[in-house]
Structures are given as structure tokens and as C-alpha cells.
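These notebook entries record what I looked up in the structure shown below.

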Amino acid sequence: MPEATEKERSGKVVVRCTVNGRDAELSGFPMARLLDVLREELKLTGTKEGCGEGECGACSVFINGKIVNSCLVPLMQVEGARVVTIEGIASDEQLNAIQEAFIETGGAQCGICTPGMVMAAVNLLDRNSEPTESDIRAGLAGNLCRCTGYMKIFEAVVRACQHSGVKR
Amino acid sequence: MRAYLPAYELQRPASLDEALRLLASAPGEWRPFAGGTDLMVLLEAGKLEHRKFFSIWHLDELRGIEETIEHITLGALTTYTELQSNETMRREFPMLCVAASETGAIAIQNRGTLGGNIANASPAADSPPALIVYGAELELVSARGARWIAYEGFHTAYKQMRMEPDELISRIRLPRASAGDNWKQYYRKVGTRKAQAISKICFAGAARLGDGQIEEARISMGSVAPTVVSCTKTASILRGRRVNKETIGAAQGEMKKEIVPIDDLRSTADYRLQVSLNLLEDFLLSLER
């Protein structure tokens with residue numbers, strides 16, 4: 001395959017994985033950040049870059065079911081992995097309950113942190129359907145909001161799990 | 001400035017054996033790359049000087065937590081998340097679990113590994129003081145074989161380690177006898193804020209009491225010297241003493257000689273010294289609580 005030869009010559013690699021349930025072949029330099037590959041190769045621009053150093057959580061994705069900062073994952077390390085981005089959280093036209101709750105409470109201002117906040121909330125509620133207030137704060141601790149609209153975000157998570165009642 | 005990506009290599013050896021052969025092929029030329037939580041930050045900042053890496057993240061030989069009567073043994077790739085969710089670790093080695101829970105946030109804890117934290121050799125790392133107090137040992141493997149060494153003394157100077165260029169940290173072993181019920185354990189990290197902060201000071205202490213006297217104590221601190229410090233003199237003068245004002249004063253006097261905190265972007269030497277002495281006092285008072 002001439003294309004592969006050219007990639008080899010340029011030092012690029014092709015990595016096979018699934019992204020949001022679909023098989024994907026991602027090409028890039030082995031040390032390319034998953035964040036950039038998702039945004040530039042697959043045009044999945046819901047995943048945002050905030051700090052680029054693992055402090056802000058804006059680039060959060062799931063790899064094999066675990067939430068990670070995609071700015072800290074080199075492309076080479078997603079070989080064979082299941083990657084889920086914010087685009088994989090809603091099903092068809094139906095938003096996830098957490099996304100609905102963010103809309104209802106106004107949990108988004110400029111929007112840059114929102115995908116990461118939603119991912120962190122999904123991660124929290126997947127593991128703990130009845131989080132306490134402190135569980136929610138801990139679950140969102142890796143995500144920074146530059147608009148500092150933290151209370152609305154916090155309320156969105158509370159609302160998303162309201163059917164089971166958040167323990168006070 | 002961001003790094004120039006084509007200049008970097010990241011191999012993916014199929015097995016641990018293959019990784020060790022790569023390491024042995026040109027000692028010093030290839031370096032292991034685990035969860036990437038430190039190296040990728042350097043890469044993005046254009047400060048990752050080394051260029052040739054091989055990923056070990058996918059090597060199952062370096063994962064898993066094993067328990068025997070004498071030891072609990074952690075694969076070098078044990079993540080902070082895995083470490084804290086292990087029940088034996090939580091029951092017997094709470095300081096290491098707290099250290100893990102206070103290193104970054106969840107997304108970092110899902111990728112950051114204990115072996116990586118040791119090999120990154122930051123004097124501000126959160127797990128080393130706990131590892132020293134627990135008397136941890138490291139298994140180093142190479143194409144030549146494997147050997148166990150004490151973790152204490154492993155870091156010899158800033159970012160310098162007692163290992164050969166063809167060696168890889170494969171496992172970390174904690175003796176269980178040192179974590180019996182009669183040991184009181186105390187761990188405190190002092191950072192700028194609760195989540196995501198790098199330590200200004202990190203303190204780990206454990207003591208065994210009998211008849212109201214300290215039979216044995218161990219103390220280790222991070223961020224107060226070029227490497228993690230084992231405060232052996234401070235710990236040894238505690239032996240046979242009761243916790244009172246004199247004991248606290250004597251221990252603080254020793255600690256002043258054992259640590260050499262500096263001014264840097266996170267804190268000042270004066271603040272670090274004062275907080276270290278306060279934590280020592282708090283640790284000793286906690287033995288009576």
C-alpha cells in the first residue's frame with residue numbers, strides 16, 4: 001500500500017482502535033497527543049484543549065472505560081483501545097441525562113470546560129449513582145472552569161442524579 | 001514552545017522480554033514510557049530532552065497486585081486508582097492510598113503509575129515518603145536478570161537513581177509486618193489547594209507504641225531536599241520516649257538538621273521548615289489521640 005510506505009518514511013504510524021464504537025485507523029506521529037488526533041484527524045472537536053498539561057480536564061475522554069486527559073496520551077498508546085469522546089455520550093438524537101441537566105441549570109458559560117465536565121460527571125455517576133455532595137466535588141476536582149461557574153455545574157450533577165436523591 | 005513531534009520515537013515492544021532487549025541493545029538510548037502523566041507535560045512544553053522511548057503501558061507483566069503472608073507486591077504499572085481501590089492496601093498501607101488519592105485528580109490517577117512516579121524521581125512526589133516509611137523494596141529487571149533492592153537510598157541526588165541504564169523497575173514490594181495494627185500512621189501533604197496541587201511539603205510518619213512509650217518510629221519527607229528524605233535521626237531519638245513537650249522539642253531539633261528545604265516557585269525555605277516542624281509535632285500528638 002503506497003500510502004503506508006509514505007507514512008512509514010515520514011515516521012508516522014497507523015494505530016487501530018475504536019472511537020465511539022466505530023473502528024478507526026488513526027495515523028500520526030507516535031508521540032502525537034490523542035487530543036490532536038481526535039480533533040484534527042477525526043474532526044471530533046467536542047474534546048477541548050484547555051491547559052495541555054493534565055490540570056484542567058477539558059480534554060477528558062474515556063479509554064477502556066477509564067477517564068483520562070487526552071492531552072497526556074500519545075497516539076501509540078491507544079492501539080487496540082476503546083476510546084469514547086463527548087460525541088459518544090449522547091445516543092442518536094437523545095442527550096444524556098447529564099447533558100440535559102447542564103442545559104436546565106445553565107451549567108455552561110463559554111463552553112470550553114463543558115465537555116470535560118460532562119465526561120467527569122458521567123464517570124462519577126457510572127461508578128456511584130447516589131453521590132454525596134463531597135463525592136460530586138471530588139468527581140469534578142480534575143476539571144477547571146475559566147468562567148468559574150462552578151455552582152451551576154455542581155447543580156447540574158445534583159439534578160442529573162436527583163431521581164435517586166443526593167445525600168446531604 | 002511545543003515539541004517537534006517527528007523528532008520523537010515511541011516504540012511498542014510486544015513483550016517485557018522484547019522491551020528489555022531494546023534497553024540492553026544500547027544502554028541509555030531508550031527509555032521506558034508508562035502512563036505519560038509527567039513525560040507528556042514536558043513534551044508539550046518543549047522540555048522533553050530525551051527523544052527515544054518505548055511504551056510499557058500495554059505490558060501486562062508489569063501489572064497486578066499480589067498478596068502473600070509477608071508482602072504485598074505491586075506491578076510497576078499499578079495506577080493510583082488501582083492502588084487505592086485494593087482493600088489490603090487501604091487497610092494496611094493507608095498512607096500510600098492517601099498519597100495516591102492526592103496525586104492529581106481522577107484522570108491523572110487512572111494513568112499515573114507507582115513505578116513511573118518512582119522513576120520520574122521528583123523530590124516533590126507524593127508516594128515516596130510513604131514508601132520509605134513502609135520499608136518498600138524495588139525489583140529491577142534487565143536482560144541480565146532481576147534483583148531486589150531497598151527503596152530507601154534509591155534516589156541518590158536530584159533525579160539520580162541507583163539503577164543501571166539497561167534496568168527497568170518492574171515491581172514494588174511492601175513488607176506487611178511493618179503495617180500491623182499496633183503501628184499508628186500519619187500522612188499529610190501540604191499544597192496550595194486541595195486538588196491537583198504539587199506538594200510544598202509531604203510528611204509520612206509511623207510509630208509503634210508500647211506502655212505509652214514510642215518503641216519505634218519512622219519518618220520520611222518530600223519536597224524538603226533534592227530527594228525524598230528518610231529522617232532516621234529524628235526517628236531514632238524518639239525511641240523509648242513518651243510524647244511530651246520535651247520529646248517534641250528534641251525531635252524538632254533533630255529534624256532541623258536533617259532537612260534542607262529551599263525557596264522555589266511553590267514555597268519558601270522558611271515556610272517549609274516551619275511547616276515541617278509543625279507536622280512533626282502534629283504527628284507526635286496524633287499518637288496520643
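This is a predicted model: local features need pLDDT of at least 70, side-chain atom pairs count only at pLDDT 80 or more; totals for chains, interfaces and linings use all residues.

Entry 1, a strand pairing in chain B. I note the terms used: strands (E, at least two residues) and helices (H or I, at least four residues) are DSSP runs numbered from the N terminus, and two strands pair if DSSP finds at least two bridges between them. For B:His71, I read the bridge partner in strand 10 of chain B as B:Pro175. A hairpin of three residues joins strand 4 of chain B to strand 5 of chain B.

Residues are numbered from 1 along each chain as its sequence is written, and chains are lettered from A and ligands numbered from 1 in the order in which they are written.

I found an open sheet in chain B with strand order 11-12-13-14 and antiparallel pairing. Strand 11 (183–190) and strand 14 (229–230) of chain B are at the edges with a single partner strand each, so one side of each has no neighbour in the sheet. Nine bridges join the antiparallel strand 12 (residues 201–210) and strand 13 (residues 213–222) of chain B. Within this pairing, B:Phe203 has B:Met221 in strand 13 of chain B as its bridge partner. I also noted helix 5 (residues 94–101) of chain B, which packs on the sheet, touches strand 11 and strand 12 of chain B, and makes about 15° with the direction of strand 11 of chain B. Here axes are lines fitted to C-alpha atoms, for helices over the stretch in contact, and angles run from 0 to 180 degrees between N-to-C directions.

How do helix 10 and helix 11 of chain B cross? I read that the axes of helix 10 (residues 245–258) and helix 11 (residues 269–286) of chain B come within 10 Å and cross at roughly 140°. The residues that meet include B:Ile248 and B:Met255 in helix 10 of chain B, and B:Leu277 and B:Leu284 in helix 11 of chain B. By class, this contact has six nonpolar, three polar and one charged residues. For contacts I used C-beta atoms, placed from the backbone, that lie within 7 Å. For classes, Ala, Val, Leu, Ile, Met, Phe, Trp, Tyr, Cys and Pro count as nonpolar, Asp, Glu, Lys and Arg as charged, and the others, Gly among them, as polar.

I found domain 1 (5–55), domain 2 (60–178) and domain 3 (181–286), with bounds from an automatic or database domain assignment. The centres of domain 1 and domain 2 of chain B, taken over C-alpha atoms, are separated by 20 Å. In contact are 14 residues of domain 1 of chain B and 18 residues of domain 2 of chain B. Helix 1 (residues 16–25) of chain B gives the most to the domain 1 side, with six residues.

Entry 6, chain A. I counted six helices and five strands in chain A. The five strands form an open sheet of order 2-1-5-3-4 with mixed pairing. Strand 2 (22–28) and strand 4 of chain A are the edge strands, each pairing on one side only. Two bridges join the antiparallel strand 3 (residues 60–63) and strand 5 (residues 82–84) of chain A, and A:Ile63 has A:Val83 as its bridge partner. Helix 4 (residues 114–127) of chain A lies across strand 3 and strand 4 of chain A, at about 40° to strand 3 of chain A.

I found 25 residues of chain A in contact with 23 residues of chain B. Strand 4 (residues 66–69) of chain A gives the most to the chain A side, with four residues. That side divides into 12 nonpolar, nine polar and four charged residues.

Terms used. Two residues are in contact if their C-beta atoms, placed from the backbone, lie within 7 Å.
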